Amino acid sequence: MKNGARETLADVILPRIAVPPHPFKPELPAADKVALKERIAAMLRQQNAVLVAHYYTDGDLQDLAEATGGCVADSLEMARFAAAHPAQTLVVAGVRFMGETSKILNNEKRVLMPAPEATCSLDEGCPIDLFTDFCDRHSDHTVVVYANTSAEVKARSHWVVTSGIALSVVKHLAEKGEKILWGPDRHLGRYVQRLTGVEMILWPGSCVVHEEFKAEALTRLHALHPQAAVLVHPESPEEVVALADVVGSTTALIQAVRDLPNREFIVATDAGIFNKMRQLAPDKILLGAPTAGEGATCESCARCPWMEMNTLQQLARVLETGEGEIQVAPELAARARIPIQRMLDFAATLKKE
């Protein structure tokens, strides 16, 4: 290929990603919101259902999940919580790959999503046909994929990882002499490469939320708040990561706000995370990292437009109608479960050390 496989792939996949506009969500009157939450809670009880919500969803959904015995977590912890919970219906507030992951690990349970059409730029930017061809052209490599991928891509991989365990897995594989193909987030892949020293072949994907953070604008904001700790998710561009005091997963960034002595924090990830941060550290001042500056398009403005498709009204609708059920063919789920379970087993060994 005249410009190299990576550049050609980027040229092919980027036009496939259609970022939706941020949905219009009129604010419900307080009394109506309380009544709606009570109605949803009653339906969850009646249907032996539990609500699991991602940190990036609307704060009302997060609060309702915890108030009704569900959980708020990252995608893997959402699925693990669901697997351990006795409820036969799982209601997953997040994006489609999260619902699929819950179904893969809980294939015998019913999985509903308030917004099953909500996808993810990393998932959209890693179509199984192109990814399979990419892997086949590097068949001597171990395929490691980020959790933000479809069931089909997971099934084509050898390992599934989260941002929290990626470093440990890559080090482990490199020590065994394995060559690594990484997908789909190139920024997270480069971060792992830099910290481990392990060369990897990278798929050219990125998250529309984290791609938008700008180093120059972040530097200016930090100059106005010099005592603030800068918290950055490793899906962000390399020049933004370089400015961070803490680089880590959603869970790690939440813990940093709770545990660090700083009064102020500049946070470079989806603003939905502020809900949990404010719960755990109500006295801290949280500032969103800027998405403005040279080259900015504000496709996300630090909010995932797909996550924003999840609303209380949509949640009530799927519980009333049974719509929004996620299906993963049993044979596909069985294959996709293997690399996920491989990670879970590896994580268990790390805890024992």
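Is Cys 207 buried or exposed? Cys 207 is buried, at a relative accessible area of 10%. Buried means under 20% relative accessible area, exposed over 50%, and partly exposed in between (1.4 Å probe, protein chains only).

1. **Basis.** This is a predicted model; local features need pLDDT of at least 70, side-chain atom pairs count only at pLDDT 80 or more, and totals for chains, interfaces and linings use all residues. Residues are numbered from 1 along each chain as its sequence is written, and side-chain values use heavy atoms, with hydrogens and water left out. Helices (H or I, at least four residues) and strands (E, at least two) are DSSP runs, numbered from the N terminus.

2. **Cysteines.** A disulfide is a pair of cysteine sulfur atoms within 2.5 Å. By this rule the count is 0 disulfides. Cys 207 is in none: its nearest cysteine sulfur, in Cys 120, is 6.3 Å away. For Cys 71, the closest cysteine sulfur belongs to Cys 304, and at 18 Å that is too far for a bond. Cys 71 counts as buried too, at 10% relative accessibility.

3. **Helix α4 against helix α5.** Residues 75-84 form α4 and residues 96-105 form α5; the two pack at an angle of about 35°, with axes 9 Å apart. Axes are lines fitted to C-alpha atoms, for helices over the stretch in contact, and angles run from 0 to 180 degrees between N-to-C directions. The crossing is right-handed, that is, the near helix is turned clockwise from the far one by less than a right angle. From α4, the contact uses Ser 75, Met 78, Ala 79 and Ala 83; from α5, Phe 97, Met 98, Thr 101, Ser 102 and Leu 105. Contact means heavy atoms within 4.5 Å. These residues divide into 6 nonpolar, 3 polar and no charged. Here Ala, Val, Leu, Ile, Met, Phe, Trp, Tyr, Cys and Pro count as nonpolar, Asp, Glu, Lys and Arg as charged, and the others, Gly among them, as polar.

4. **Helix α12.** In α12 (residues 215-224), the buried residues are Ala 215, Ala 217, Leu 218 and Leu 221. They lie on the same side of α12 because they cover an arc of only 160° around the axis. The arc is that of the directions from the helix axis to the C-beta atoms. Glu 216 and Ala 223 are exposed on the other side. Packing partners of the buried residues are β9 (229-232), α13 (238-241), β11 (264-268) and β12 (285-288).

5. **Helix α16.** Leu 312, Leu 315, Ala 316, Val 318 and Leu 319 are buried in α16 (residues 312-321). Their arc spans only 165° around the axis, so they sit on the same side of α16. They pack against α2 (30-46), β1 (49-54), α3 (59-67), β3 (89-93) and β4 (110-112). Just after α16, Gly 322 has a positive phi of about 80°.

6. **Backbone points to check.** Most residues other than glycine have a negative phi, and most peptide bonds are trans. Asn 48 has a positive phi, near 50°. Asn 48 sits in the loop between α2 and β1 and is partly exposed at 40% relative accessibility. The Gly 183 to Pro 184 peptide bond is cis, with omega near -10°. Pro 184 belongs to the loop between β7 (180-183) and α10 (186-196).

7. **Ser 249.** This residue is in the loop between β10 (246-247) and α14 (250-259). Ser 249 is buried, with a relative accessible area of 13%. Not counting residues up to four places away in sequence, Ser 249 touches Ser 163, Gly 164, His 233 and Pro 234.
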